[in-house]
Amino acid sequence: MIRKTCSDGVGYSVVDLTDVRHVFAAAVPRCGGSLEAQADDALKTIEAVIREEGTLGSIVHQVVFLGDYSQLHEVHKIIRDFYGPEMPATTYVPQLPCEGGLISIEALGVGRKKGDVDILRFSDQLVLARHNNISWVHCANVVPRTSATTTYDRAIDAFRNMQELLQRVDVRFDQVIRTWLYLGGIVDPEGDSQRYKELNRARADFYEGIPFLRDRMPVQQGTVYPASTGIGADHRDVVMSCIALDTDRSDIIAMPLENPRQTPAFGYGCHYSPKSPKFSRAMALSCGTYATLFISGTASITDSETQHEGDVEGQTHETLDNIEALIDGPNLRRHYLPEMSSSLDQLALARVYIKRKSDYPKVAAICRKRMGDVPTIYAVADVCRPDLLVEIEGVAFAERGTAGCAGGHC
């Protein structure tokens with residue numbers, strides 16, 4: 001189901017689900033020099049991949065990792081000029097690429113092996129892709145517009161802006177399946193609190209009363225939140241993005257996943273944060289014999305305690321152990337996804353956030369050995385606890401049997 005290719009400067013996965021082709025690509029410039037030269041190399045590498053896979057013009061979502069956020073306006077113009085009217089929803093993340101360049105790029109393309117996917121490009125913040133009576137809404141680079149300065153107020157404002165963007169295409173916030181929250185100075189103090197704790201407080205207050213995916217689940221759950229990553233960034237502000245799902249099809253199932261090795265994040269004690277982080281460890285979207293697994297940012301935590309303090313290799317292994325336990329067959333069965341199973345070699349895309357750039361060679365060696373040839377972005381970023389040295393997220397696929405989607409196309 002997943003075909004992967006990794007070579008110097010680029011890694012990509014191709015996932016064919018019935019008549020729909022998903023291409024996940026991660027590109028690191030193969031040249032030095034100016035920002036323009038590096039960006040052009042990365043963009044042309046991704047373009048070549050998309051063309052080779054027969055899905056040219058299909059990039060719907062893109063994340064640009066910048067080592068120097070003061071170059072944002074320059075890179076924004078470079079990318080706009082490159083894509084023209086086919087601009088994907090693009091988030092600019094102030095995180096230094098571990099490989100040492102000025103920029104790295106992650107992209108998602110969606111196309112059909114037969115026929116076309118309908119892609120509606122409203123702006124570089126909002127793109128909608130439709131196929132088989134399913135709409136995927138990609139909402140990018142959401143930032144606060146308020147003049148308020150506190151993390152809480154700025155995060156609340158960004159969530160409201162995200163909600164307004166979704167409303168432009170008649171999508172409700174309870175249809176969000178995955179979010180990314182990038183916060184500068186994530187573990188820094190703010191007043192008597194901490195910036196990450198204030199982000200959690202804002203998220204908890206904004207999510208209050210939102211019945212996430214209630215009409216998508218096979219059985220009603222007591223508490224449901226989207227999958228999410230909350231991670232540090234070099235710029236001081238907050239930047240957000242999300243994916244939402246809109247469909248009338250009754251055979252599309254959404255199931256939040258929790259990890260048997262970990263306490264649910266929303267169940268953490270108040271000593272971690274006055275209002276706990278409101279996210280699920282993963283979100284599974286199932287159609288017939290297939291499931292797409294959106295894996296939240298995962299770290300070296302069992303129950304609710306950090307493991308292997310000061311040992312980046314131990315933390316990397318523990319993090320990957322957590323992802324394995326989250327997506328394996330027994331855990332999927334516990335979450336009403338019978339006869340399905342996944343593993344690290346079923347990852348189609350990964351991001352690895354590393355607190356200390358000097359740890360990159362050790363972390364990358366472990367990830368490549370255990371994850372194999374998966375397109376991966378490695379970025380320098382603070383994790384949400386001072387004692388955590390690495391965090392990993394990704395997209396994986398699970399399959400039941402060998403036939404296509406039962407009763408429809410996914």
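Biologist: How many bridges join strand β10 to β15, and in which sense do the two run?

Modeller: Strands here are DSSP runs of E with at least two residues, helices are runs of H or I with at least four, and both are numbered from the N terminus. Two strands pair if DSSP finds at least two bridges between them. In this predicted model, β10 (residues 134-142) and β15 are joined by 7 bridges and run antiparallel. Ser135, for instance, stands opposite Asp246 in β15.

Biologist: Good to know! What should I keep in mind about the numbering and the model?

Modeller: Residues count from 1 along each chain as its sequence is written, and side-chain values use heavy atoms, leaving out hydrogens and water. As the model is predicted, local features need pLDDT of at least 70 and side-chain atom pairs pLDDT 80 or more, while totals for chains, interfaces and linings use all residues.

Biologist: Which bridge partner does Val176 have in β15?

Modeller: That partner is Ala244. Strand β11 (residues 176-184) pairs with β15 in the antiparallel sense, over 7 bridges.

Biologist: Is β15 mostly covered or mostly open?

Modeller: Buried means under 20% relative accessible area, exposed over 50%, and partly exposed in between (1.4 Å probe, protein chains only). In β15 (residues 238-247), 9 of the 10 residues are buried, so the strand is mostly covered.

Biologist: And why is Thr292 classed as buried?

Modeller: Because its relative accessible area is 12%. Thr292 lies in strand β18 (residues 290-298). Beyond neighbours within four places in sequence, its contacts (heavy atoms within 4.5 Å) include Leu17, Met283 and Phe397.
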